[in-house]
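Please read the points below alongside the sequence and the coordinates.

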Amino acid sequence: MDTLLQQINDPSDLRRLSRAQLPELARQLRAFVLHSVSRTGGHLSSNLGTVELTLALHYVFNTPHDRLVWDVGHQTYAHKILTGRRERMASLRQWGGLSGFPRRDESPHDSFGTAHSSTSISAALGMALAARQLGHDRRVVAVIGDGAMSAGMAFEALNNAGVQDCNLLVVLNDNDMSISPAVGALNRYLAQLMSGGVYATAKSVGKQMLKAAPPLFELAKRLEEHAKGMVVPATLFEKFGFNYIGPIDGHDLDSLIPTLENIKQLKGPQFLHVITRKGQGYQRAEADPVAYHGPGKFDPAEGLKQASPGKPSFTHVFGQWLCDMAEQDPRLVGITPAMREGSGLVEFERRFPSRYYDVGIAEQHAVTFAAGLACEGLKPVVAIYSTFLQRAYDQLIHDVAIQNLPVVFALDRAGLVGADGATHAGAYDIAFLRCIPNMSLACPADEAECRMLLSTAFAQDHPVAVRYPRGVGAGVPVPADLRGLPFAKGEVRRQGRRVALLVFGTLLYPALAAAQALDATVVNMRWVKPLDLELLQTIAQDHAALVTLEEGAVMGGAGSAVLEALQAQALLRPVLQLGLEDRFTEHGDPAQLLAMQGLDAAGIEASIRQRFADLLATP
Ligand SMILES: Cc1ncc(C[n+]2csc(CCOP(=O)(O)OP(=O)(O)O)c2C)c(N)n1
């Protein structure tokens, strides 16, 4: 006999269930999420925390006609399972399989593609106002976490939405956590809203609503206003023009469903504050939601295992360098936009708490904040994923580069990232950084160079970014001291003939293997900007053909920089540019993804043989 969950292949199946069946369905759904993530890896804590909320939203709203817009989208596994993708959960985050985030091309239930945070209210407002203009009777719901709520973009959207006549519901999923503990004044404010018995009172409001014959809304509304009045005269969200309801218990279907049913009857912008717990229902994740935010595969009965010490990741090398440099230079300050763990700042925070700033999910602010610190003589290091720096492009140009301030950007996750897919790939930083005056950009080939180039970057008097990929490198020993490498200088790693490979970054190692077979020269360029022009000139003069290689978009990338420089010096050589193609790379195994784009040793060799067949055939 099928379980309840197996009978749900679409939310319309769910809506046929009785209210009394829902707690059991929630139990099965939670168990499925846990089992599924333990087999594939992925986001866990956030998904366990949104099981009831997801159920309630699909139960009350007529999805997909009513639009459900998830913020970040890392908490949408229950949503995927209830919307016809249960069986495909085994393929999550793998090549050809389900994405770990919502995608419009995956299901009509994924109304908006996401993965970067704090876009939901803007997108949902757009949909709500489109419905108004087109005369569609449609509800639009944005679900946003308290972490994502801390970004400026969320407030820009509230500011706009609060004065609009639209059927928009913003659900704040408040679990008092970002990936790491939530930070900032908003977090304190939300805690205040929860305190002083309001929570309990609001819960009973939900119960009252349940009993009330439909909709008896006025009574509930008065009760709710009474509840609100006990703590603050009007919440911040009311000041923004929303009707604020809550906080209510986001794991209690008897609170969630009647409240949502009532809200559904209301016109104008609504704001529902829901309290949930990250990791709910799996004790290990409740106790350590940070570790279980995005685990790999694990056995639920045993929990996560301590990883056996292997090669240090680039992130680890950066974290160690940051601590060592901070020890040596009291001007150093470390900044992260809500990525303490991912960017390797845990140890730095522990050892240098007064010089550590988690600014929340606020990349734009992080960059301008760093600019301010630099104006006063401090030496900020902004640790930021390549993909998230995209958010702060104007700040980079306007606040840092034009004023030529010495800010170091430690760009983690540069290149392909694997399971998170196109939204998280660091494919564009070379192209978008190299065109900015005053900016320099280094691409270490391995862990040792990563440490040394960070030291070089830190010693400069202008902005410098150092880009390094996710995961581990070649495994070369990392020096213990803080010596740097020469600024804007590359090195010849292998002397060959006819063809020279100019490599920017960690593809140096597959390039060396390919060059062996081709007897080609390999140059470790190390810097995209400034380019080592002297070296480039010598190499171009001594070789009949050049190949550029980078783990980044070919368009506008390091290979383009080489072409521009060759043209400027009237040094015309045929150049083969290898790197990421002009299309988004889907989620999958990183090594496999690189190989599919011909960026492993065999692929590099094959591309060169194909392009320079005649040249290579000459003795
Ligand atoms: C622009 C941007 N910066 C950083 C991230 C990385 N990130 C993914 S989830 C997350 C925390 C989100 O917290 P919250 O919205 O409270 O959701 P929760 O995981 O607590 O459910 C962060 C920082 C991101 N996805 N987008």
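1. The protein has 26 helices and 17 strands. Helices (H or I, at least four residues) and strands (E, at least two) are DSSP runs, numbered from the N terminus. This is a predicted model, in which local features need pLDDT of at least 70 and side-chain atom pairs count only at pLDDT 80 or more, while totals for chains, interfaces and linings use all residues. Residues are numbered from 1 along each chain as its sequence is written, and side-chain values use heavy atoms, with hydrogens and water left out.

2. Along the principal axes, the C-alpha atoms fill a box of roughly 90 × 60 × 50 Å.

3. Of the 619 residues, 59% count as buried. Buried means under 20% relative accessible area, exposed over 50%, and partly exposed in between (1.4 Å probe, protein chains only). Among contacts between residues at least 6 apart in sequence, 77% join residues at least 24 apart; a contact means heavy atoms within 4.5 Å.

4. Two cis peptide bonds deserve a check. One runs from Thr63 to Pro64, with omega near 5 degrees, and Pro64 sits in the loop between α4 (51–60) and β1 (67–70). Another runs from Lys529 to Pro530, with omega near -5 degrees; Pro530 belongs to the loop between β15 (527–529) and α22 (533–542).

5. Ala338 has a phi of about 65 degrees and lies in the loop between β6 (332–336) and α15 (346–351). Ala338 is buried, at a relative accessible area of 4%. For Asn404, phi is near 50 degrees; this residue is in the loop between α18 (393–401) and β9 (408–412). Asn404 is partly exposed, with a relative accessible area of 31%.

6. Gly559 is part of helix α23 (residues 558–568). Is Gly559 buried or exposed? With a relative accessible area of 0%, Gly559 is buried. Leaving aside residues up to four places away in sequence, Gly559 touches Thr548, Glu550 and Gln577. Tyr292 is 267 residues from Gly559 along the chain, and their C-alpha atoms are separated by 40 Å.

7. Helix α25 (residues 601–611) has Gly603, Ile604 and Ile608 as its buried residues. Seen down the axis of α25, these fall within an arc of 130 degrees, so they line one face of the helix. The arc is that of the directions from the helix axis to the C-beta atoms. Ala602 and Gln610 are exposed, on the face of α25 turned away from its buried side. What do the buried residues of α25 pack against? Their partners are β13 (499–504), α21 (508–518), β16 (545–553), β17 (575–580) and α26 (613–617).

8. On a 1 Å grid over the protein atoms alone, a cavity is a set of points where a 1.4 Å probe fits but cannot get out, and a pocket is an open set with protein on both sides within 12 Å along at least five of seven lines; lining residues have an atom within 4 Å of a point. Grid points are joined across faces, edges and corners, and a volume is the space filled by probe spheres set on the points.

9. The count by this rule is eight cavities of 30 Å³ or more. The largest cavity has a volume of about 80 Å³. It is lined by 13 residues, of which Gly147, Ser150, Ser178, Ala182 and Val183 are the closest to its centre. The lining of the largest cavity divides into six nonpolar, five polar and two charged residues. Here Ala, Val, Leu, Ile, Met, Phe, Trp, Tyr, Cys and Pro count as nonpolar, Asp, Glu, Lys and Arg as charged, and the others, Gly among them, as polar.

10. The second largest pocket has a volume of about 410 Å³. Of its 20 lining residues, Val472, Thr506, Leu507, Glu551 and Leu594 are the closest to the centre. The elements giving two or more residues to this lining are α21 and α24 (590–596), and α24 gives the most, with three residues. The lining of the second largest pocket comprises 14 nonpolar, three polar and three charged residues.
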